[in-house]
Amino acid sequence: MFIRSFFKRHGKQIAFHTFSCLVIGALLLVAYSAYQYKQMTNQWYAPIDGAKGSAKQAAASLPPRDLLTGTEPLKPFVALLLGVDSRDGESARSDTMMLASIHPGKQSVYLLAIPRDSYMELPGKGYDKVNHAMAFGGPKMVKESLEKFLNVKIDRYISVDFDGFRQIVDELGGVTVDVKKRMKYSDPSDDTYIDIQPGQQTLSGEQALDYARYRKSDLGKEDSDYMRIGRQQEILKALASKGSSLQVYTKAFSLMEILGQHVKTDLTEQEIASLLLSYGDGTPNSIQADTLVGQDERIWHNGIVGWYHLVPTAERERARQQMIKEVTP
């Protein structure tokens, strides 16, 4: 009786205070999220020329149309994606290279994998494997080399180091793939120890990285670079499918912390926010994977005979046309 009387007299006040606390809590959560997002984008924003200008100046020369001030998504653009093997005391190496034609309006992405032994002209260094461009001149040289090789304009780049990749996969609870065969390889010189059993399974971050990098074998015939690229694309698709899940939102803060420490890009804060709105609205995203195809040949280079991946002109033109088609508004 007392409780009923108490709530009759004070129920409105209790409801008001409860509602106020919920609103304040929500505002604090939003404010903290904005702070974390700002910290993350400040950490990973790294213009390709090394000079940090204002985000407004950077955005002026890029494809974004209206960003968050209107209903229009970003204009389609091409991005360079790099998986970087960075070890203490060594120059960073681009173990994975892809070009992504991104069309936010269609929520589509066309991924073109670049074999790392592809033979092309590196600005100021002559002809060599594109894999060496990262060590010679960082993302800028990789970008310039591929722009000339494929005759396409690359608008943005995104690089993630291996440790960040491992942590992201682990934070998302692993990735599920169907491993076609046992993968076993060891190299004590660089602490590489790969041993993955066949069958459908959920791989940890370490296992997913091994799966994506595996090529040499202790058990018999080695894999081609195309097979390796196929597994890398498989992992990316598996991660992308998790990108629109509720799990990503529940772990947003921890993911932002990882991304801030291990990702570098020249996408601006506003561009990233706009892409999140475009690709995170719950509508299924379309991802098409492709590979630049050529032939491995032994050729003389700097007085040494070595294996290089030679890509015919016709194949380069095919890839160029497909990329242009995908980013046509």
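**A histidine in a strand**

Modeller: In this predicted model, His309 belongs to strand β14, which covers residues 304-310. Is His309 buried or exposed? Its relative accessibility is 4%, and because buried means under 20%, His309 counts as buried.

The surroundings of His309 can be listed by contact. Neighbours within four places in sequence are left aside here; the residues in contact with His309 are then Pro115, Asp117, Ser118, Tyr119, Tyr226, Leu292, Val293, Gly294, Gln295 and Asp296. One of these, Gly294, also takes part in a polar pair: a polar atom of the His309 side chain lies 3.2 Å from the backbone nitrogen of Gly294.

For the whole protein, 42% of the 329 residues are buried. The secondary structure consists of 10 helices and 14 strands. Of the contacts between residues at least 6 apart in sequence, 64% join residues at least 24 apart.

Helix α4 (residues 162-171) packs with helix α8 (residues 252-262) at about 170°, the axes being 9 Å apart. Angles over 145 degrees count as roughly antiparallel, so α4 is roughly antiparallel to α8. By class, this contact has four nonpolar, four polar and two charged residues. On the α4 side they are Asp163, Gly164, Gln167, Ile168 and Glu171, which meet Ser254, Leu255, Ile258, Leu259 and His262 in α8.

Note on methods:
Residues are numbered from 1 along each chain as its sequence is written. This is a predicted model: local features need pLDDT of at least 70, side-chain atom pairs count only at pLDDT 80 or more; totals for chains, interfaces and linings use all residues. Side-chain values use heavy atoms; hydrogens and water are left out. Helices (H or I, at least four residues) and strands (E, at least two) are DSSP runs, numbered from the N terminus. Buried means under 20% relative accessible area, exposed over 50%, partly exposed in between (1.4 Å probe, protein chains only). Contact means heavy atoms within 4.5 Å. A polar contact is a pair of N or O atoms within 3.5 Å; within protein, one must be able to donate a hydrogen and the other to accept it, and residues adjacent in sequence count only if both atoms are side-chain atoms. Axes are lines fitted to C-alpha atoms, for helices over the stretch in contact, and angles run from 0 to 180 degrees between N-to-C directions. Angles under 35 degrees count as roughly parallel, over 145 as roughly antiparallel, 65 to 115 as roughly perpendicular and the rest as oblique. Ala, Val, Leu, Ile, Met, Phe, Trp, Tyr, Cys and Pro count as nonpolar, Asp, Glu, Lys and Arg as charged, and the others, Gly among them, as polar.
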